[in-house]
Amino acid sequence: MTNGAVSPPWYRRFSPRSFRAKFILVVGAAVLFDLLVGGGIALWNVQRLSRDAAQQVGNGLTKASREYLQTYIDATALRANLLFERVHSEVGVLAGSMQAMIDHPETAKAIGDTIAKDRTLSTPLVYNATGDWVQNLPGAPGTTSIWGYLLDSNHQPIPAVRDHVRESALFDILGPTLMQTGSKKLQVYYVGPKALPVMRATPASELAQTFDKLYPGHNKANFWDFFFPGIYDDWQTWLDKPSSQPLDDVTTITAPYIDANSGKQIVSFFRPLWTADRKSVAGMAAADVTLDQLTDLVQSVKVADTGFGFLAMSNGNVVAVNSAGEKTLGVVTASDAAGQGVTGLDRSLKKSDQPAIVALSMPTDDKPDIQHIVLKQNGEDVPYIAVLKQLAPTNLWNNGPIVKETMTLGFLVPEREIYASLIAAQSDISSATNRILKYQILTVLVSLFVVFVAIFGISKRITAGLSALAAGARQLQSKDYSVRVDIPTKDEVGEVGVAFNRMAEEIRYHTENLEQLVEDRTRDLENANSEISSLNEQLRSENLRLGAELDVARQIQRMVLPKERELSAMPGVEIAAYMRPADEVGGDYYDVLRDGQKLKVGIGDVTGHGLESGVLMLMVQSVARALQETGENNPAQFLDRLNRAIFKNLERTNSDKHLSLSFLDYEDGKLTLSGQHEEVVVVRAGGGVERIDTIDLGFPIGLEKDISPFVATRNIAFASGDVIVLHTDGVTEAEGRKGELFGLDRLVESARQRHGSSAEEIKNGIIQDLMDYIGTSKIHDDITLVVIRHR
């Protein structure tokens, strides 16, 4: 700095109001904003990538888990179906052999006689007085039991029973063989027909003794009705009516129950036998399979750490499940020993203490069904995955009619176990994301520190020149016009310094020559003010002239309109009219011309509005009056001659204006309509409404020299009490508060509601409805309304 420009003290250079402080603050804030935005976007992208990665990993693992569960349950269901099919097949083999004996009684008798001679296959039948039944002695491969009601007075089997025992002796050979092969079975047995329910079972056991203990009174009733009520009758029905059979396979299973002989929970597989003529039931071949086999199959299910399987009937009764699964399902094993016959197993999902298990829905097809449920465990909600699949259907007897039964195989596994790998992967991704976020925040903080240090250093270089300029300005303010600043930099601040020096020089020059400059500028202002005053005076005169012309035109337009006394003096009709221009001078036309008993009512609308439109309206009024005075009575010729006169005037004035125009001629009760304008509304005395379109009755006036080919007329019936409403488009196109048009329908309805009133009342009512509809909205077009009522 030169010429005495002093640097400001340090406390002013670093005060909050100093440029340097503001520069550091603004630039620092901008950099901070940039870093925060950039860093925020980077952090957002990292979080988004993390979320997307976690989602993709989750989708992949979820899909893989679902596919694994579906494949696993499909394979397990296949094993269960194979177990049932194998038992079905083995019982079918036994039933087939026994059915052959029934079909060939001579062969059965011969085989029975041979077996009876072999003491290793047969032992004598002995009467038990306590139980009142007959049973063979131990030593045979099986047990044959004959109930008391099948014995004679000597406590010996009646002859039919003895024959049946002999004819069914083949069972003692087939039964043991079947027990040793195929699936693991508790026992295999045969029961004769209802009339001879001899029971043969293998392996040998105290069959009748066990029945006496578990089922008191069984020896006093028919075997079939006591133990399996209804099943015999259902089989008989299948023979009589094959369509009643639920499945093609006749093998029937029972619901789980307590076996009388072993005390174990079992499921029995029955295969009915038929008489040789296939008209009646001849007994059954059967096998008992313990639930242990089904449980072994279900317990072999291993899903994650604690996942388990279960097998349930369609009614929700759990057939097989391990003890841990039973606890998780919240079901309790209970046996109903109060009734006779087989003792049922009651372990229903519907009685679970877990609401989610109670609400668990069984699948409706053989496709795996995956459901998400929440179980209460140790006071917390634990999400589980339930996978369910139907097994092959079979016939089921459960102390009632035989029905089609479809068991359901189910897996239950905690979500946290099946998704353990997913949770671990998501945890790793979250940890990695947190590390990236920490590094990103640290990077932003370090960047901010570096940037602020750099800004502080640069600000000194930038603000040095500005400080010099500020000091020079203060000296200049103190009227030291000799001050100059020296800024060595070549940037914009240096250019400002050069400009400051020039300004100081000009100020010094102007200060020294101030009086002369003030005098010259005063003279220039006086000349400009004189010119402005002259222009204002000319503008005021022009406005007065235009206003006077518009006022004259408006007065002329009002003067030529029909007076109220003219309208009230019309013979036979009442006429009421209303016209409101949008500007000072309107472009709408209406007139009522009378010549004796003849009456001509005209209405038209000049394109646009304002002075030019108003002049054209006056031309039409004058020509129409002149033609009326010449006695022109033909409506078509009247319009043609009027058009010729208007066309020539418009051609002379180079005007592009034209108008729509219609006339109503009334004489001796006859009403004739001619010319093209808006629709004519006729409201009959009874309230009926007619709308007459005038598009084919004429042509716009002033567009063509000759419109005679387009002009036509139409006669309108006009009786006492009828009302005719003429209007311009300013009525129907008036806008309401919401920008919607008033429309012809509202006009018609307004006139119809008042059709019994006078013309003046109808006119006032329509105008009132129109103004209420418009409200405070601007009126954009001239409004004209003429109401004619036949007295």
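**View 1. Helix H18 spans residues 635-653.**
This helix has 19 residues and reaches 27 Å from its first C-alpha to its last, close to the 27 Å expected at 1.5 Å a residue. The expected span is 1.5 Å times one less than the number of residues. Helices here are DSSP runs of H or I with at least four residues, strands are runs of E with at least two, and both are numbered from the N terminus. Please keep in mind that this is a predicted model, in which local features need pLDDT of at least 70, side-chain atom pairs count only at pLDDT 80 or more, and totals for chains, interfaces and linings use all residues. Residues are numbered from 1 along each chain as its sequence is written, and side-chain values use heavy atoms, leaving out hydrogens and water.

**View 2. The ends of H18 come into focus here.**
After the helix comes asparagine 654, with a positive phi near 55°.

**View 3. Buried residues of H18 pack against strands and a helix.**
Among the buried residues are Phe638, Leu642, Ile646 and Leu650; buried means under 20% relative accessible area, with a 1.4 Å probe and protein chains only. Their partners include strand S21 (598-606), helix H17 (611-629) and strand S22 (659-667).

**View 4. Lysine 600 has its charged end over the ring of phenylalanine 638.**
The distance to that ring centre is 4.1 Å. The charged end of lysine 600 also sits over the ring of phenylalanine 663, 5.1 Å from its centre. A charge sits over a ring if NZ of Lys or CZ of Arg is within 6 Å of the ring centre and within 35 degrees of the ring normal.

**View 5. Tyrosine 589 is found in strand S20 (residues 588-595).**
With 0% relative accessibility, tyrosine 589 counts as buried. Tyrosine 589 and isoleucine 603 are 14 residues apart in sequence, yet 5.4 Å apart in space, C-alpha to C-alpha. Beyond its neighbours within four places in sequence, tyrosine 589 is in contact (heavy atoms within 4.5 Å) with residues including Ile603, Met617, Leu661 and Phe663.

**View 6. Residues 335-341 have pLDDT under 50.**
pLDDT is the predictor's confidence in each residue, from 0 to 100. For residues 335-341, the model has 11 contacts beyond four places in sequence. The protein chain has a mean pLDDT of 84, and 88% of its residues reach 70 or more.

Note on methods
Buried means under 20% relative accessible area, exposed over 50%, partly exposed in between (1.4 Å probe, protein chains only). A polar contact is a pair of N or O atoms within 3.5 Å; within protein, one must be able to donate a hydrogen and the other to accept it, and residues adjacent in sequence count only if both atoms are side-chain atoms.
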